[in-house]
Amino acid sequence: MPMQQTTEQLDSSAPHIEVRDLTMAYGDRVVLTDINFSVRRGEIFIIMGGSGCGKSTLLRHMVGLIRPAKGEILYNGVSFTDSDPRTRDAIVRRFGILYQGGALWSSMTLAENVGLPLAEFTLLRPDEIREIVSLKLAMVGLKGFEDFYPSELSGGMRKRGGLARAIALDPEILFFDEPTSGLDPLSARLFDDLILELRASLGATVVVVSHELASIFAIGDDSLFLDAGSRTAIAQGNPRELLEKCEDPRVRRFLTRGKETAREAKSV
Amino acid sequence: MVELMGSWRLGNALPPATEIDRQLKSDGRLRRVAFDSTQLGAWDTSLLAFVVRIIRSGSARGIEIDSSGLPEGVQHLLRLVESKPSRSTSEAVSRWRAMLHNLGTATLSFFEAGLSLFDFVGLTVLAFLKLLTGRARMRFSDLMFQVQACGVQALGILSLISFLVGTILAFMGAVQLRQFGASIYIADLVGIGIARDMGAMMTAIIMAGRTGAAYAAELGSMKVSEEIDALSTMGISPIEFLVLPRLIALVMMMPLLCLYADFLGMLGGSAVAATVLNISFVSYFGRTAAAVSLVSFLGGLFKATIYGVLVAVAGCWRGFEAQAGSSAVGEAATAAVVDSIVWVVTACGLFAVIFNVMHL
Ligand SMILES: Nc1ncnc2c1ncn2[C@@H]1O[C@H](COP(=O)(O)OP(=O)(O)OP(=O)(O)O)[C@@H](O)[C@H]1O
Ligand SMILES: [Mg+2]
């Protein structure tokens, strides 16, 4: 399997992902404005914030499912938002995305799900594809479930299946929408370890939407804190450093589970 | 002072707040309302609802509400309810304004739907052109699967319905024709009716309920569970991958199904002719062959093909339009069936006019 660790990619110092002045809206309803951040190559970037603040919306913009109302997103310094379809396709093909519920194609078996991107975008022969598929499934701990349909798997297994599909083409950038929500604490922990391992082995940049504190502190290198009230990002930085240094009461409340500022909150 | 007594449970009816309302209204000097809950028994949300109503109508008249007399728990819940509006748009709107607003929204959403349909059809045509130049991502196995699902598996219900419609047409005609001693023309009536219009129409309506609804439900649930997003972010066009095989399968199968429906409909007619009018199979089908021109027969198959396009487009489009939520899937299926039947019947009317003008 090819690993994307060619020298030309490693020595480029430009940020891998850059979001400039992004405004997001559904119709007339603005969800977030003035979002600016960049993600360095190989880092795990967390997008966090309370429920409904627009984390999934931001992710959907980053992968090109929704067009920004304003601003642009760049990958490797190339504009994704204003690019022609061909460039766009080339960029999208370097993505691996894990959706919140796994989003495995329900009419296909697990092996077909993981094998489809390989069949569509590589020149591999069917037996080689089968080989790679069982490798990928083994990586996420689903060896032996090749012929199961998504409806025959548990929620956690579906997520891992979605992960196997996301890494089928050895992507450069992995996007996860709440990878550990709905998992029991132990499985969530294992999933975090899996993300760290994949980052190490694939050398991929990882963007994670999460509001699970344990997982945020365990894997995050850098993070962005979105706030629904002010409709923008109010803090950025390493989550552990934010916990130590950030002054903003909203961020503190979130990172400490409301313990620290609980009294203030009540008196408001 | 409002005195609260006894037990307040959701199962019991709420005391009419109108009484309190009336009192608040009648006494213009009233400045303050307090509660006394010393006699209060068990309570639940019903009490909360009652108190909230008083507070609302009181504050509308500038009357101060003193909630300190309420049980601790109620005060707590009140603070939760009142503290911060989750959304700030819930202003009271007059009925007239609301009606105008609804009218406006409905008009807008009508145009939006038209626009999105236009968009969808355009993308589908582009995808089809890509397929013709061999660049579309459609799997042959998917096409075969859909062909089987909308072809062979539809034969049972199609046989039943078309045979029965044939017999119904024949019965209706038999009564009239016998009076004129023109019984043999039953074959003309059934044959031409089925071949020109009824065969195609019946097939289309059955396929709308069977296949169109299935398309909408399948694609709708794929949309809801982000499976369609997963395709497009993988660089696979959902239109090419999901819509093309369904559309092509249905369009390929419709003329064949229609042919089959035509035959069974005529068979139904001949069964009635044989039993009620004593016309033999041989003379019935001989007469049919003479009466039904090749043009009207092929015209029927052509109409069926067009209806196939309409049913498939309605099903796939409605599926793609589905919004989040599991009720969306059911709504998509319903909308798909309604759309396809409306479109098919409209098209049938248009065809009647066009064929008439062209003297076919
Ligand atoms: N398809 C849509 N149409 C209109 N508004 C939407 C749509 N999807 C989301 N929203 C709105 O956008 C806002 C942000 O939603 P989003 O799903 O991004 O939140 P989130 O941060 O991912 O929340 P959660 O943590 O609960 O998943 C919400 O207020 C929601 O009402
Ligand atoms: Mg979300």
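I take two strands to pair if DSSP finds at least two bridges between them. I apply this to a predicted model.

**Entry 1: the sheet in chain A**

I began with strand E5 of chain A, residues 78-79. I found 2 bridges joining E4(A) to E5(A), and these strands run antiparallel. I looked up one residue pair here: A:Leu74 has A:Ser79 as its bridge partner in E5(A).

I then moved to the other partner of E4(A), which covers residues 70-75. E1(A) and E4(A) pair over 5 bridges, in the antiparallel sense. For A:Ile17 I noted A:Tyr75 as the bridge partner in E4(A).

E1(A) spans residues 17-26 and is joined to E2(A) by 7 bridges, with the strands running antiparallel. Here I noted that A:Val19 is bridged to A:Phe37 of E2(A). The hairpin of E1(A) and E2(A) has 2 residues between the strands, and A:Gly27 in this hairpin takes a positive phi near 65°.

What order do the strands of the open sheet in chain A follow? I read E2-E1-E4-E5, which is 4 strands with antiparallel pairing. E2 and E5 of chain A are the edge strands, as each pairs on one side only.

**Entry 2: ligand 1**

I listed the residues around ligand 1; among them are A:Tyr26, A:Arg29, A:Val31, A:Lys55, A:Glu178 and A:His211. The run from A:Ser51 through A:Gly52, A:Cys53, A:Gly54, A:Lys55 and A:Ser56 to A:Thr57 is also in the list.

For A:Tyr26, an N or O atom of the side chain is 3.3 Å from a nitrogen atom of ligand 1. For A:Arg29, a polar side-chain atom lies 3.0 Å from an oxygen atom of the ligand. For A:Lys55, I read 2.7 Å between an N or O atom of the side chain and an oxygen atom of ligand 1. On its own the ligand has 640 Å² of accessible area, of which the protein covers 64%.

Which elements give two or more residues to the shell around ligand 1? I found strand E2 (29-39) and helix H2 (55-62) of chain A. H2(A) supplies the largest share, 3 residues. By residue type I noted 3 nonpolar, 6 polar and 3 charged in the shell.

**Entry 3: A:Thr256**

I placed A:Thr256 in the loop between helix H10 (249-255) and helix H11 (262-267) of chain A. Is A:Thr256 buried or exposed? Its relative accessible area is 11%, so I count A:Thr256 as buried, the cut-off being under 20%.

**Entry 4: chain B**

I noted two domains in chain B, domain 1 (2-83) and domain 2 (137-357). Their C-alpha centres lie 62 Å apart.

I then looked up B:Ile205, which is found in helix H7 of chain B, residues 186-224.

Notes
Residues are numbered from 1 along each chain as its sequence is written. Chains are lettered from A and ligands numbered from 1 in the order in which they are written. This is a predicted model: local features need pLDDT of at least 70, side-chain atom pairs count only at pLDDT 80 or more; totals for chains, interfaces and linings use all residues. Side-chain values use heavy atoms; hydrogens and water are left out. Domain bounds come from an automatic or database domain assignment. Buried means under 20% relative accessible area, exposed over 50%, partly exposed in between (1.4 Å probe, protein chains only). A residue is near a molecule or strand if one of its heavy atoms lies within 4 Å of it. A polar contact is a pair of N or O atoms within 3.5 Å; within protein, one must be able to donate a hydrogen and the other to accept it, and residues adjacent in sequence count only if both atoms are side-chain atoms. Accessible areas come from the Shrake-Rupley method with a 1.4 Å probe; for residues, only the protein chains shown count as cover. Ala, Val, Leu, Ile, Met, Phe, Trp, Tyr, Cys and Pro count as nonpolar, Asp, Glu, Lys and Arg as charged, and the others, Gly among them, as polar.
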